[in-house]
Structures are given as C-alpha cells and as structure tokens.
Amino acid sequence: MCPHAHSEPQKPEDIVREEGAQLDFSQDMSYGDYLQLGAILGAQKPLSPAHDEMLFIIQHQTSELWMKLMLHELHAAIAHIAQDELQPAFKMLARVSKIMEQLVHAWDVLATMTPPEYSALRPYLAQSSGFQSHQYRCIEFAMGNKNAAMLKPHAHSPERLAVVQAAYAAPSLYDEALRLLARRGIPVPQSHTQRDWTQPYEASDAVEQAWLQVYRNPKAHWDLYQLGEELTDLEDAFRLWRFRHVTTVERVIGFKRGTGGTGGVSYLRKMLDVVLFPEIWRLRTEL
C-alpha cells in the first residue's frame with residue numbers, strides 16, 4: 001500500500017460506539033430531563049396564523065430567561081456588597097453586564113420582523129406588553145429606578161405583586177454601594193444611607209465628593225474604585241439595551257402606541273434619560 005494512502009473514514013455509528021457514548025436513558029436522567037425541555041419547548045403557543053409570531057414569542061421568552069439569571073446575579077451581588085464581600089460581587093456584576101450584551105444582540109433578531117409582519121400578529125396580543133414584565137420591573141428597582149406606579153400592572157396577581165413589592169422596598173444596588181462607602185469611613189450623607197428605599201434616588205453633591213475621594217486615590221481604595229467601574233460598566237450596558245429596544249420598536253411599529261398603553265417610542269425615549277448612578281458619571285468631569 002502506498003504510505004500516503006488514506007484509510008476509509010469511519011462510519012458515524014462506529015465513532016459513537018468507540019467513544020462509549022451512553023444511548024439508553026430508560027433508567028437515567030437525560031439532557032432533556034435535566035433542562036425540562038418538554039415544558040420549555042412546549043411553552044410556545046401562537047395565537048395567530050402569522051408565521052412570525054413564533055419569533056416574537058421566543059424572543060420574549062428567552063429574554064425573560066436571561067432576566068431571571070440577571071436577577072439571580074443582582075440579588076447575590078447586592079447581598080455580597082452588604083457583607084463587604086466585593087470580589088464575588090464583582091464577578092456577578094460583570095456577568096450581569098454580559099447578560100445585558102446578550103439582550104442587546106437579541107434585538108437584532110427581532111429587528112428582522114418588518115412592520116407588515118408585526119401588524120399581522122399585533123391584534124392577537126391584546127393589551128399584553130413587555131411593559132408588564134415583572135422581572136424587568138424588579139431589575140429596574142434593583143438598579144434604583146423606583147416608581148410606585150409600576151406596581152399597579154401586577155396587582156391582579158398577588159404572587160407576582162409580592163415579588164415586585166419586595167424589590168421596590170429593598171435597598172438598590174447603588175444604595176448598598178453607598179452604605180459600603182460609609183462603612184469604609186468615606187463621608188456619605190445619612191440622607192443617602194438611611195432613607196426610605198421606595199423613594200426615587202436623588203443625586204447629591206456630597207455623594208459625588210465621596211466617590212471623588214475614591215477616584216482621586218484609587219490605590220488607597222482599590223476595591224471601591226473597582227466597584228465604581230463595575231457600576232459604570234453595568235449602566236453602560238443597560239443604556240445600550242434601552243437604546244437598542246427603542247430603535248427596534250421604532251423600526252417595527254414606528255410611532256404607534258404600545259400594546260400596553262404607553263406612547264411606545266416616546267415612552268422608551270424618555271427612559272433613555274434615566275441615569276441610575278448619577279454621581280459616578282458626574283465625577284468624570286471633575287477629575
């Protein structure tokens with residue numbers, strides 16, 4: 001035989017057999033069992049005859065799954081910051097920023113839906129809207145954007161309302177960051193460390209000075225300096241998410257009112273102006 005001759009390629013079934021892959025799951029948990037794929041893949045129930053409704057449903061269901069993970073990480077990060085455990089909190093906050101990047105790119109898929117395609121399924125949505133997402137509302141509250149009016153869309157479901165109310169009443173990520181600065185001996189006004197957590201956050205010159213103390217001497221306050229940058233990354237990613245949301249909505253429905261009753265694009269554009277961690281952005285002008 002010629003030394004350069006190639007042997008016959010193995011058949012796929014021979015490769016599987018040689019690798020010793022398990023093929024019988026009559027007695028063991030399978031991949032689908034572990035992931036509950038029956039429930040997940042059976043949860044798409046289009047109401048219209050429109051082909052593109054499947055895209056619309058899966059886009060929003062997968063976004064809700066990512067938001068579930070985001071809340072899992074945010075809650076843990078807030079708890080770690082409250083306990084002065086910053087290293088695990090940094091990892092969790094970095095993961096939240098990456099999740100937001102996934103959500104930003106998800107809009108690219110929805111943007112393949114044209115206005116006529118969306119119009120074909122819109123009547124079947126009735127008044128349902130992402131505006132009513134209780135997980136998104138919990139994320140907004142955890143990030144500090146508190147608004148009592150946003151509890152009302154969940155009043156019909158006591159279980160969901162309780163979850164949203166708990167997020168509304170709890171200190172936000174930024175609240176816990178400021179309390180940490182105060183515990184470290186950096187002057188933060190009591191008005192921002194002991195307050196009614198349900199009230200919207202109000203920017204403070206004194207809080208800006210507190211962060212400036214950190215940023216002007218990062219070697220002395222390295223972990224707090226890193227916390228400030230993790231918060232900056234997080235809000236940066238959140239802004240991109242919001243921006244991609246509004247541009248996708250404008251591309252698909254123009255300036256029609258949203259199914260949830262808001263002005264649609266006009267409402268989303270107002271949300272672009274919401275600043276979550278104002279002093280961390282303002283201090284950059286002073287440095």
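User: In this predicted model, where does Thr232 lie, and why is Thr232 called buried?

Analyst: Thr232 lies in helix α11, which covers residues 222–253. Its relative accessible area is 8%. Buried means under 20%, so Thr232, at 8%, is buried.

User: Which residues does Thr232 touch, not counting those up to four places away in sequence?

Analyst: With that exclusion, Thr232 touches Tyr215, Ile280, Trp281 and Arg284. Among these, Tyr215 also belongs to the α10 side of the contact between α10 and α13, and Ile280 and Arg284 belong to the α13 side.

User: How do α10 and α13 pack, and what is the hand of their crossing?

Analyst: Helix α10 (residues 205–216) and helix α13 (residues 278–286) pack at about 65 degrees, and their axes are 9 Å apart. The crossing of the two helices is right-handed. On α10 the contact is made by Asp205, Val207, Glu208, Trp211, Leu212, Tyr215 and Arg216; on α13 the residues are Glu279, Ile280, Arg282, Leu283, Arg284 and Glu286. By class, the contact has six nonpolar, seven charged and no polar residues.

User: What makes α4 roughly parallel to α9?

Analyst: The angle between helix α4 (residues 53–82) and helix α9 (residues 173–183) is about 15 degrees, with an axis separation of 9 Å. Angles under 35 degrees count as roughly parallel, and therefore α4 is roughly parallel to α9. Their crossing is left-handed.

User: Which residues make the contact of α4 with α9, and how many fall in each class?

Analyst: Helix α4 contributes Leu74, Ile78, Ile81 and Ala82, while α9 contributes Leu173, Glu176, Ala177, Leu180 and Arg183. Seven of the residues are nonpolar, two are charged and none is polar.

User: Where is Asp84, and why does Asp84 count as partly exposed?

Analyst: Asp84 is in the loop between α4 and α5 (86–110). Its relative accessibility is 34%. Partly exposed covers the range between the 20% limit for buried and the 50% limit for exposed, so Asp84 counts as partly exposed. Although Asp84 is not a glycine, its phi is positive, at about 60 degrees.

User: What makes Ala126 exposed, and what is its phi?

Analyst: Ala126 has a relative accessibility of 52%. Exposed means over 50%, so Ala126 counts as exposed. Its phi is near 55 degrees, a positive value in a residue other than glycine. Ala126 is located in the loop between α6 (115–121) and α7 (134–142).

Note on methods:
Residues numbered from 1 in each chain as written. Predicted model: local features only at pLDDT ≥ 70, side-chain atom pairs only at ≥ 80, totals over all residues. Heavy atoms only, no water. Axes fitted to C-alpha atoms, helices over the stretch in contact; angles between N-to-C directions. Helix = DSSP H or I, 4+ residues; strand = E, 2+ residues; numbered from the N terminus. Left-handed = near helix turned anticlockwise from the far one by under 90°. Contact = heavy atoms within 4.5 Å. Nonpolar A, V, L, I, M, F, W, Y, C, P; charged D, E, K, R; others polar. Parallel < 35°, antiparallel > 145°, perpendicular 65-115°, else oblique. Buried < 20%, exposed > 50% of the residue type's maximum accessible area, 1.4 Å probe, protein only.
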